[in-house]
Amino acid sequence: MFDYKGKRKNTFIEILDSESEYIPIGSPDANLFVSAEELPEELPILTVRDSILFPGMIIPITVGRSKSLKLINDAYKKNNFIGVVSQIDPTVEDPGFDDLYKVGTIAVILKALEMPGGNTTIIIQGRMRFELLKFTQTEPYFKAKVQLFERETSESEDKDMNALLDLLKETAKQIVDKSPHLSKDAAFPIKNAKDVDILIGLTLSGLELGSLEEKQELLETMGVKKRALKLHAILTHELQMLDLKNQIHSKVKSDIEQQQRNFLLNQQLKTIQEELGGTPNEIDIKELREKAAKKKWNDQVAQVFERELNKFQRMNPQAADYAIQHNYLEYLVDLPWNAFTKDNFNIKNAQKVLDKDHFGLEKVKDRILEHLSVLKIKKDMKAPILCLVGPPGVGKTSLGKSIAHALNRKYIRMSLGGLRDESELRGHRKTYIGAMPGRIIQNLRKVQSSNPVFVLDEIDKVSGHNISGDPQAALLEILDPEQNNAFYDNFLEMDYDLSKILFIATANTMSTIHPALRDRMEVIDLNSYLVEEKIEIAKHHLIPKQISEHGLKPKDVLFSDKIIQEIITSYTREAGVRMLERQIARLIRNRVRLIASGETYNKKIESKDLKKILGIGNYQREEDVIPDVPGVVTGLAWTPIGGEILFIEVSLSKGKGELKLTGNLGDVMKESATIAYEFLKAHASNFAINPDIFSHWNVHIHVPEGATPKDGPSAGITMLTALISVFTQRKVKPRIAMTGEITLRGKLLPVGGIKEKILAAKRSNVTDIMLSSANKRDFDEISEAYIKGVNFHFFEHMIDVVDFVLEKEKVSTAIDFEIPKENYTKN
């Protein structure tokens with residue numbers, strides 16, 4: 001018991017006397033009923049914090065205030081009933097009337113326990129709800145007038161209530177099952193509860209669900225069903241929150257477990273890698289440092305490497321930039337910085353190698369040897385870039401390979417045909433996905449030398465300015481001896497010295513090369529091969545090569561000079577020897593098949609074999625240059641693949657003097673035809689031609705092989721000769737060809753490509769060639785072997801050419817140009 005000063009007298013106090021009734025949880029509602037007569041006129045009020053007492057519930061309450069201790073000590077002397085009311089604000093230490101909720105619960109004190117620290121814990125049981133009307137006493141503790149709530153039936157017979165009660169129990173049970181903080185035993189009293197108010201107390205107080213405001217609202221709600229519905233809302237919300245918490249907890253737990261698993265696996269992997277020599281990242285760094293230690297690069301490159309390597313060390317191997325950075329560092333250490341092969345500038349040895357690999361081309365070889373001699377004496381590579389220009393198949397690319405062999409240098413060939421993107425040469429910036437250096441740097445890395453022979457093949461086929469940049473502009477820096485010692489690659493982001501590289505460009509024509517680029521190169525012309533040269537090339541190079549590639553021995557297939565010449569003249573028509581090599585390969589494959597089949601065969605290739613294997617010859621040039629009718633003249637033309645013979649055909653038909661041109665002619669060639677026709681009409685009397693004929697006969701000029709485009713002024717003299725031939729009905733002398741530009745004044749002007757045109761004429765067995773007198777200067781650069789067997793005639797005026805090439809007499813089948821007398825015009 002307590003004295004009036006609140007001093008403790010026992011450690012355990014039985015507040016209720018021996019006759020006090022203990023009401024068990026779950027008892028019928030009637031047992032909790034308290035009548036107004038049982039209550040004192042003034043009910044002691046116990047204020048509590050953070051707690052709501054529901055009817056039928058037994059809860060412990062810790063009491064520490066002196067007022068509360070006095071109230072508990074006096075309560076049993078009268079009727080043991082007290083009123084329990086919650087504070088609105090739990091922080092108020094000395095609450096007044098306005099600080100309390102106005103609805104509370106009648107309670108009886110079951111037990112009181114004196115706790116260490118001066119506090120007392122009482123166990124009380126709620127009976128009925130009441131409304132707090134007013135305080136009648138505040139000292140030594142609160143007393144107040146109250147009004148009991150009317151007794152409500154449980155409506156246990158109501159089917160809806162029974163269903164609602166079951167739903168509340170099921171929901172509460174789910175909360176118990178899903179909550180990690182509640183014991184599974186807490187579901188037992190809930191399952192046995194038969195009253196809504198008991199269930200409210202068990203769930204909200206026993207399970208500690210709902211906020212203080214929600215509990216107070218339930219206590220104040222009138223009607224059992226309404227309280228049940230509100231309880232259901234609270235329980236449903238709590239169940240949803242539990243589900244969400246469990247989902248979050250489950251996900252977090254799974255993530256943490258995965259992280260822990262990954263951490264453990266990484267630790268194990270790290271331990272294993274350390275036993276094997278380190279992690280892949282550490283191994284990569286170690287290898288890079290070892291390679292860098294052997295490099296002869298300058299301080300600038302060394303600083304860049306060290307900076308980028310430190311950056312690489314700090315990178316996570318899983319990062320997207322890791323592979324790019326690793327690739328960049330590998331390129332730095334793999335490039336041949338200041339690594340050179342030892343040159344062999346033995347000029348005699350170089351000449352021996354060139355002669356062995358290439359037959360003929362004496363002038364070209366001399367130019368190359370002169371160039372190498374300058375490099376030997378000068379002892380640096382700042383010399384003009386060589387550019388080998390000539391038709392396909394004459395050995396431009398293979399010459400570059402022979403030079404590399406002669407100098408004992410590494411060999412690189414890079415085809416520029418169709419190159420459109422400047423980045424192919426300068427590289428891509430590292431910011432792009434899949435970035436890499438340009439092809440210049442890539443090839444240097446491949447050969448591991450900074451002074452190779454670098455052949456830029458087909459430089460005339462590089463595209464000009466386009467949306468991807470200008471590759472020809474990039475080549476300006478690469479091929480300029482004054483600039484290429486600091487070539488900037490976008491991927492490396494630093495300069496690389498290309499000045500020690502011997503660049504050799506190849507092209508079929510110089511016309512498509514940018515003038516600035518052309519100015520940086522020393523041009524060496526490679527001309528078409530003579531028939532005699534092709535025979536020697538076939539005997540010493542092509543036939544041995546094909547026999548070896550087909551697995552035969554030299555004695556298994558034999559070619560005579562006569563057969564080789566027949567192949568050249570009847571089955572090929574080219575400046576080089578590629579078609580010749582293909583035809584030889586076809587003949588050898590035929591012999592390989594016979595050997596593989598075990599059949600007997602003639603080792604020596606004969607003319608009948610050519611017709612059987614290669615078919616009938618495609619080119620019969622001996623008859624081509626012998627015109628059999630007036631109006632047919634042989635001209636000479638230049639093409640990218642060498643010189644060609646060109647035939648001009650003119651025919652007449654009665655009409656009104658119209659001129660028709662066919663044969664896929666270009667504008668310049670059409671203009672030449674017009675000039676020739678107008679010149680003839682203006683000077684008809686010089687050739688004994690009646691001027692009235694032109695208004696009564698239509699003229700048709702045709703150039704055969706209409707599928708091939710033709711253009712240029714060099715056919716002018718040929719067209720004029722053909723026109724005069726058809727109007728005078730005099731044939732052109734046999735085996736004569738001509739080339740030259742004409743004017744309306746009658747002048748014969750010089751043209752280009754003389755060397756190639758002469759070779760084409762020789763291939764067609766032409767014996768006499770008509771040229772402009774101004775073309776004599778071209779013969780100073782032409783070897784005697786090229787002009788041997790051909791007679792050259794030089795003229796300044798077109799009329800002199802015509803007088804020389806036409807027969808003196810008309811053909812026997814000459815056209816009769818009779819003109820009606822009424823249309824005859826007297827001179």
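1. E493 counts as partly exposed, at 40% relative accessibility. In this predicted model, E493 forms a salt bridge with K430, and their closest N and O atoms are 4.0 Å apart. The pair links distant parts of the chain: E493 sits in the loop between β11 (487-489) and β12 (494-496), K430 in the loop between α13 and α14, 63 residues apart.

2. K430 has a relative accessible area of 15%, which puts it among the buried residues, because buried means under 20%. The side chain of K430 also meets that of E308 in a salt bridge (3.9 Å, N to O). Like K430, E308 is buried.

3. Salt bridges that share partners join R307, E308, K430 and E493 into one network. The structure holds 28 salt bridges.

4. Another salt bridge is formed by E306 and R289, with 3.2 Å between the closest N and O atoms. This pair links helix α8 (residues 299-313), which holds E306, to helix α7 (residues 280-293), which holds R289; the two residues are 17 apart. Both ends are partly exposed: E306 has a relative accessible area of 32% and R289 one of 33%.

5. Strand β8 (residues 385-389) is largely enclosed by the rest of the structure, because 5 of its 5 residues are buried. In a regular strand the side chains alternate between the two faces of the sheet. In β8, I385, C387 and V389 point one way, and L386 and L388 the other way.

6. β8 has parallel pairings with two strands. With strand β14 (residues 521-525) the pairing runs over 5 bridges, and I524 is the bridge partner of L388. With strand β13 (residues 502-507) there are 4 bridges, and C387 stands opposite A505.

7. Helix α2 (residues 159-178) has 20 residues and reaches 29 Å from its first C-alpha to its last, close to the 28 Å expected at 1.5 Å a residue. Its buried residues are M161, L164, L165, L168, K169, T171, A172, I175 and V176. Seen down the axis of α2, they fall within an arc of 165°, so they line one face of the helix.

8. On the surface, L244, I248, V252 and I256 form a nonpolar patch with about 330 Å² of accessible area together. I256 lies in helix α6 (residues 224-276) and is partly exposed, at 38% relative accessibility. An α-helix has 3.6 residues a turn, so residues three or four places apart point the same way.

How values were computed:
Residues numbered from 1 in each chain as written. Predicted model: local features only at pLDDT ≥ 70, side-chain atom pairs only at ≥ 80, totals over all residues. Heavy atoms only, no water. Patch = residues over 30% accessible without salt bridge, like charges linked within 9 Å, V, L, I, M, F, W, Y side chains within 5 Å. Areas by Shrake-Rupley, 256 points an atom, 1.4 Å probe, with all protein chains shown as cover. Buried < 20%, exposed > 50% of the residue type's maximum accessible area, 1.4 Å probe, protein only. Expected span 1.5 Å × (residues − 1). Arc of directions from axis to C-beta. Pairing = 2+ DSSP bridges.
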